[in-house]
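Hello,

I am handing over a structure that I have been going through, and I hope you enjoy looking at it. Here it is.

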Amino acid sequence: MKRYQGNILLIELLIVILFFSLSQVVMVRVFASAHQKSHDSVQLRHAMMACEDLAEQLSVSEEPDVLLLKLDFTGEDGSYFRCDENGFDLYVQCQREESEAGTLLCSTVTAQDGDKEILSLPVSLYVPKEGVL
């Protein structure tokens with residue numbers, strides 16, 4: 001009779017060890033997922049700050065091409081690129097629409113991580129011609 005009690009105790013120990021092993025696997029996956037979400041959130045915050053800063057500068061600049069070249073962007077003809085130190089790339093597309101009353105400058109600031117778009121902000125500035133009401 002004692003022989004069977006020893007076997008039952010070993011089976012119970014194996015079940016407890018198996019339970020704790022499975023719990024550990026689940027917790028490691030949960031913590032890895034939380035770490036990745038934290039990393040993504042920090043990257044989004046940095047991208048948002050960089051895009052907002054650039055959008056504010058573009059919204060008051062009548063010469064966006066000159067401004068972007070001063071800010072170490074590369075490119076020409078309205079399409080500019082800069083690799084940021086926080087692990088994402090900034091792209092700016094500029095368009096200029098002339099009219100009789102003035103000029104509409106439209107830009108789009110985009111932050112990308114590889115092929116994945118993180119954030120995109122539109123920017124517009126209207127510059128009226130002098131002497132036109």
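Below is what turned up in the sheet, one hairpin and a cavity.

This is a predicted model, where local features need pLDDT of at least 70 and side-chain atom pairs pLDDT 80 or more, while totals for chains, interfaces and linings use all residues. Residues are numbered from 1 along each chain as its sequence is written, and side-chain values use heavy atoms, without hydrogens and water.

The sheet is open, with 5 strands in the order S1-S2-S3-S4-S5 and antiparallel pairing. (Strands are DSSP runs of E, at least two residues, numbered from the N terminus; two of them pair if DSSP finds at least two bridges between them.) Strand S1 (74–76) and strand S5 (116–128) are the edges, each pairing on one side only.

S4, residues 102–113, pairs with S5 in the antiparallel sense over 12 bridges. Across this pair, leucine 104 stands opposite tyrosine 126, and cysteine 106 opposite serine 124. Their hairpin has 2 residues between the strands, and glycine 114 takes a positive phi near 70° there.

There is also 1 cavity of 30 Å³ or more. (A cavity is a set of points on a 1 Å grid over the protein atoms alone where a 1.4 Å probe fits but cannot get out; lining residues have an atom within 4 Å of a point. Points are joined across faces, edges and corners, and the volume is the space filled by probe spheres set on them.) The largest cavity holds about 40 Å³. Its lining includes Leu58, Pro64, Leu105 and Val123, and S5 gives the most to that lining, with 3 residues.

Best wishes

Definitions and conventions
Helices (H or I, at least four residues) and strands (E, at least two) are DSSP runs, numbered from the N terminus. On a 1 Å grid over the protein atoms alone, a cavity is a set of points where a 1.4 Å probe fits but cannot get out, and a pocket is an open set with protein on both sides within 12 Å along at least five of seven lines; lining residues have an atom within 4 Å of a point.
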